[in-house]
Amino acid sequence: MRTLKCIIVDDEPLALDLLESYVKKTPFLELVERFVSPYQAMQYLTENQVDLVFLDIQMPGITGIELSKVIQNGPKVVFTTAYSQYALEGFKVDAIDYLVKPFNYQEFLKAANKALTWFNLVNKQSEETSDDNAIFVKSEYKLVKIEYDKIIYIEGLKDYVKIYMTDHSKPVLTLMTLKSLEERLPSTQFMRVHRSYIVNLTKINTIERSRIVFGSVYIPIADGYKEKFQGFLDKRFME
């Protein structure tokens, strides 16, 4: 059975203790850290890879929703909160599940199982498409095969993405977050350069004033992504 490495984040010590007891009762979960401070959790996540975060929403300084938006290395999130009105906002940031306090172990286990199912599905899809170098997405009530080598760039529009391709006059529009698509694309070929854009590194021919040029389209390289993109360039730059 696959083991998911997880952390728990809650500014209430009693809530942390309860979550820790639930995690330790669950065979496929491994607790690697617990945090009262969301800022400490954010620092940890910039330096360490985990699979799953159990994350409170109402915390001092930064909310769980805000924290989930700045997590860069791809863990999935289960929100835990006493306020049910945050449910819709939680799912908009691609949360696995949403637990309303007080919740029991059965409810916790159901959310944990959702996470396990998601990771198993992603791994299966990765294995199935590794030879084909393609994924299928839903668009206009049909499944469309998207070959990696034909993607130029991808634009995120809230809950939708537009996939611009070499052999399509119009982009393929699909209901999916940019973050979830990013997790399915090979990182050796694709890079997020802006909160709204992912580019195919093999299609880049021109860079002008911190912008990637695809014909008449200019993709901005945001400050938060410049260091990683510069690292890509440094490996290929010839003086």
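**Exercise 1. Where does V50 lie, in terms of α2 and β3?**

Solution. This is a predicted model.
Step 1: find helix α2, residues 38-47.
Step 2: find strand β3.
Step 3: V50 sits in the loop between them.

**Exercise 2. Is V50 buried or exposed?**

Solution. 
Step 1: take the relative accessible area of V50, which is 2%.
Step 2: apply the cut-off; buried means under 20%.
Step 3: V50 is therefore buried.
Step 4: look at its surroundings. V50 touches K5, I7, V32, Y44, L45 and P75, leaving out residues up to four places away in sequence.
Step 5: compare sequence with space. V50 and K76 are 26 residues apart in sequence, and their C-alpha atoms are 8.7 Å apart.

**Exercise 3. Find which element gives the largest share of the largest nonpolar core.**

Solution. 
Step 1: the largest nonpolar core has 22 residues. L4, V23, L29, L52, F54, V78 and F108 touch the most other members.
Step 2: β1 (4-9), α1 (13-25), β3 (52-56) and α5 (105-129) each supply at least two residues of this core.
Step 3: α5 gives the largest share, 7 residues.
Step 4: inspect F108. Its contacts include L19, Y22, V23, L29 and F54, not counting residues up to four places away in sequence.
Step 5: keep the second core apart. That separate core has 19 residues, among them F35, L55, M59 and F79.

**Exercise 4. Is Y160 buried or partly exposed?**

Solution. 
Step 1: locate Y160 in strand β9, residues 160-165.
Step 2: its relative accessible area is 39%, so Y160 is partly exposed.

Conventions. Residues are numbered from 1 along each chain as its sequence is written. This is a predicted model: local features need pLDDT of at least 70, side-chain atom pairs count only at pLDDT 80 or more; totals for chains, interfaces and linings use all residues. Side-chain values use heavy atoms; hydrogens and water are left out. A nonpolar core is a set of buried Ala, Val, Leu, Ile, Met, Phe, Trp, Tyr and Cys residues joined through side-chain atoms within 4.5 Å. Buried means under 20% relative accessible area, exposed over 50%, partly exposed in between (1.4 Å probe, protein chains only). Helices (H or I, at least four residues) and strands (E, at least two) are DSSP runs, numbered from the N terminus. Contact means heavy atoms within 4.5 Å.
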